[in-house]
Amino acid sequence: MEKIILLLIIALLNGSLVYIDSLLKDIIPISLYAEKYMTLTTGANLLENLYDIVFSFGVALMILKFLKKGFEIYVLWTDGDPDEEPLFLLTNFFRSMAVAICFPTIYTWLGQIVEDLSNQLLGAISQSTNYDWQMWVNALESAGLVAAVFGLIFVVCFFILYFQFLMRGLEMFILRVGIPLACVGLLDNDKGVFRAYAQKFMQSMLAVVIQIALAKLGVGLMLQNHVFWGMACMMLAIRTPRFLSDFLITTGGNGGVVNNVYHSIKLVGMARKLGKAG
């Protein structure tokens, strides 16, 4: 019975080798440019089409919010500081427009930085951990059932991590498409939702780099017969988003509280001036 289970596990491992080698090569592009792997049969660029739609909607929201804030600040006196120069509001409006227009180019630069960093990390890890998948499977077969079970768990964790990379790619895709809507927050002095949006963006890109490096390191250690260290690296790679969320907490702006405090202080000052005048 033990031999049958061992042969079954070895057969599963041999079948998975065909996919593992190719998956390691395409992880970075999938995570950063998911739309390239979701090519439509018509040849249309899905990202550009969606971005154009959301961009036009975002520009409309920017204009509406610009007019609304200007009316509330300088006509109704219910928001912000009426004594503040209108140039500041106009500057915020053009800043939000500029970020929305230039973001595709900015993301291309960020993507190149992430790819270069990941490739350098993977190159350094590959130099220190040379391995052969087939030799690893043969070693597991000769080591017995327990080692083969650990090897199977490792491969399952690897495929779970690969699906996390697919989800990360879709997450980055959604964040890129929605950036024009997030730029509406730049009209606020505290940057509104854009602050949390940008922090989420950086957290996702950092998670990609760390997960790729840990996955490559885990594979190298596992294939060098460091079973437990390899499993630890793979498990930590799976938990990386939660690990990063412990110290990269995305929080929204607190503009409402700040504005309330500001208006309260201003009302107290006006009351004192009226008291002195009386």
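Me: Before we turn to the predicted model, what is meant by the axes of two helices and the angle between them?

Reply: An axis is a line fitted to the C-alpha atoms of a helix over the stretch in contact, and the angle, from 0 to 180 degrees, is taken between N-to-C directions. Two packed helices are described by the angle between their axes and the distance between the axes. In this predicted model, the axes of helix H7 (residues 192–223) and helix H8 (residues 227–238) come within 7 Å and cross at roughly 165°.

Me: Are H7 and H8 roughly parallel or roughly antiparallel?

Reply: Angles over 145 degrees count as roughly antiparallel, and H7 and H8 are therefore roughly antiparallel to each other. The contact involves residues of both helices, including Gln211 and Leu214 of H7 and Leu236, Ala237 and Ile238 of H8. The crossing of H7 and H8 is left-handed.

Me: How many helices and strands does the chain have?

Reply: The chain has 10 helices and 0 strands.

Me: Where does Thr240 lie, and is Thr240 buried or exposed?

Reply: Thr240 lies in helix H9 (residues 240–245). A residue is buried when its relative accessible area is under 20%, so Thr240, at 1% relative accessibility, counts as buried. A polar atom of the Thr240 side chain lies 2.9 Å from the backbone oxygen of Leu236.

Me: Why does Gln164 count as buried?

Reply: Gln164 counts as buried because its relative accessibility is 19%, and the cut-off is under 20%. Its place is in helix H5 (residues 145–177). For the whole chain, buried residues make up 40% of the 278 residues.

Me: Which residues does Gln164 touch, and which side chain makes a polar contact with that of Gln164?

Reply: Leaving aside residues up to four places away in sequence, Gln164 touches Gln211, Ala237, Ile238 and Pro241. The side chains of Gln164 and Gln211 are joined by a polar contact of 2.8 Å. Gln211 of H7, and Ala237 and Ile238 of H8, also take part in the contact between those two helices.

How values were computed. Residues are numbered from 1 along each chain as its sequence is written. This is a predicted model: local features need pLDDT of at least 70, side-chain atom pairs count only at pLDDT 80 or more; totals for chains, interfaces and linings use all residues. Side-chain values use heavy atoms; hydrogens and water are left out. Helices (H or I, at least four residues) and strands (E, at least two) are DSSP runs, numbered from the N terminus. Buried means under 20% relative accessible area, exposed over 50%, partly exposed in between (1.4 Å probe, protein chains only). A polar contact is a pair of N or O atoms within 3.5 Å; within protein, one must be able to donate a hydrogen and the other to accept it, and residues adjacent in sequence count only if both atoms are side-chain atoms. Contact means heavy atoms within 4.5 Å. Angles under 35 degrees count as roughly parallel, over 145 as roughly antiparallel, 65 to 115 as roughly perpendicular and the rest as oblique. A crossing is left-handed if the near helix is turned anticlockwise from the far one by less than a right angle, and right-handed if clockwise.
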